[in-house]
Amino acid sequence: EASPKNGGGGADGEVAAPARRTSSYFIVGGLVFVPLSEAFLRSEYGDDWESKAPIVLMERFVNGLKRHEHDQVVVLSQVLAHAVNVGYESIVNCCVSSLNGERVTDLKHLVRLVTANKDPYLHFE
């Protein structure tokens with residue numbers, strides 16, 4: 001029998017909505033950063049993402065840059081049109097290893113580094 005718990009219709013015709021995950025991202029100066037994940041690769045390269053994604057992203061997805069269990073690979077996924085980044089619009093899906101010489105461990109760490117930055121420029125590697 002169908003029920004709201006198993007995704008079927010309930011007595012009043014209601015259907016349970018599938019659980020949704022919220023996406024994590026960070027935008028600074030038109031630069032869009034996301035954690036490298038299967039969901040990201042699938043959204044960028046479709047259901048056949050394992051064969052269509054660039055080798056460098058797949059290598060980082062499989063092997064990562066992790067030193068600790070909770071580390072994430074952070075990706076500069078796109079560059080939005082903005083006066084401070086004219087000429088960089090063609091950069092897409094690049095892994096970010098550091099900001100101003102400090103290793104980036106995950107997306108939250110990147111946000112903290114940008115927020116605490118005192119330098120006039122942000123230098124990403």
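This tour moves through the structure stop by stop, stating what to select and what is found there.

**Before starting**

The model is predicted: local features need pLDDT of at least 70, side-chain atom pairs count only at pLDDT 80 or more, and totals for chains, interfaces and linings use all residues. Residues are numbered from 1 along each chain as its sequence is written, and side-chain values use heavy atoms, with hydrogens and water left out.

**Stop 1: the whole chain**

Helices (H or I, at least four residues) and strands (E, at least two) are DSSP runs, numbered from the N terminus. In sequence order the pattern is β-β-α-α-α-β-β-β-β-α.

Next, show the surface. The chain exposes about 8800 Å², of which carbon and sulfur atoms supply 52%; accessible areas come from the Shrake-Rupley method with a 1.4 Å probe, and for residues only the protein chains shown count as cover. Of the 125 residues, 32% are buried. Here buried means under 20% relative accessible area, exposed means over 50%, and partly exposed lies in between (1.4 Å probe, protein chains only).

Contact means heavy atoms within 4.5 Å. Among contacts between residues at least 6 apart in sequence, 49% join residues at least 24 apart.

**Stop 2: the nonpolar cores**

In soluble globular proteins, nonpolar side chains tend to be buried together. A nonpolar core is a set of buried Ala, Val, Leu, Ile, Met, Phe, Trp, Tyr and Cys residues joined through side-chain atoms within 4.5 Å.

Select Phe26, Phe33, Val74, Val104 and Leu110. Of the 14 residues in the largest nonpolar core, these five touch the most other members. Strand 1 (26–28), strand 2 (31–35), strand 3 and helix 4 are the elements that give two or more residues to this core. Which element gives the largest share of this core? Helix 4 does, with four residues.

Now centre the view on Phe33. Leaving aside neighbours within four places in sequence, the residues in contact with Phe33 include Tyr25, Phe26, Val74, Leu76, Val96, Leu110 and Phe124.

**Stop 3: the salt bridges**

A salt bridge is a side-chain nitrogen of Lys or Arg within 4 Å of a carboxyl oxygen of Asp or Glu. By this rule there are four salt bridges.

Select Asp71 and Arg103. Their closest N and O atoms are 2.9 Å apart, and the two residues form a salt bridge. Asp71 lies in the loop between helix 3 (55–63) and strand 3 (74–79), while Arg103 belongs to strand 6 (residues 102–103), so the pair ties together parts that are 32 residues apart in sequence. Elsewhere, salt bridges that share partners join Glu38, Arg42 and Asp47 into one network.

Asp47 is exposed, with 67% relative accessible area, and Arg42 is partly exposed at 34%.

Then select Glu59 and Arg60, which form a salt bridge with closest N and O atoms 3.7 Å apart. Glu59 is partly exposed at 36%, as is Arg60 at 23%.

**Stop 4: Asp106**

Select Asp106, in the loop between strand 6 and helix 4 (107–116). Asp106 is buried yet has no salt bridge; the nearest side chain of opposite charge, Arg112, is 4.8 Å away. In counting charges, Lys and Arg are positive and Asp and Glu negative, while His and the chain ends are not counted.

What lies 2.7 Å from a polar atom of the Asp106 side chain? The backbone nitrogen of His109 does. Leaving aside neighbours within four places in sequence, Asp106 is in contact with His70, Gln72 and Val74.

**Stop 5**

Most residues other than glycine have a negative phi, and most peptide bonds are trans.

Select Asn93, where phi is positive, near 50°. Asn93 lies in the loop between strand 3 and strand 4 (94–96) and is buried, at 10% relative accessibility.

Finally, select Asn100, where phi is also positive, near 50°. Asn100 is in the loop between strand 5 (98–99) and strand 6 and is partly exposed, with a relative accessible area of 29%.

Note on methods
A polar contact is a pair of N or O atoms within 3.5 Å; within protein, one must be able to donate a hydrogen and the other to accept it, and residues adjacent in sequence count only if both atoms are side-chain atoms.
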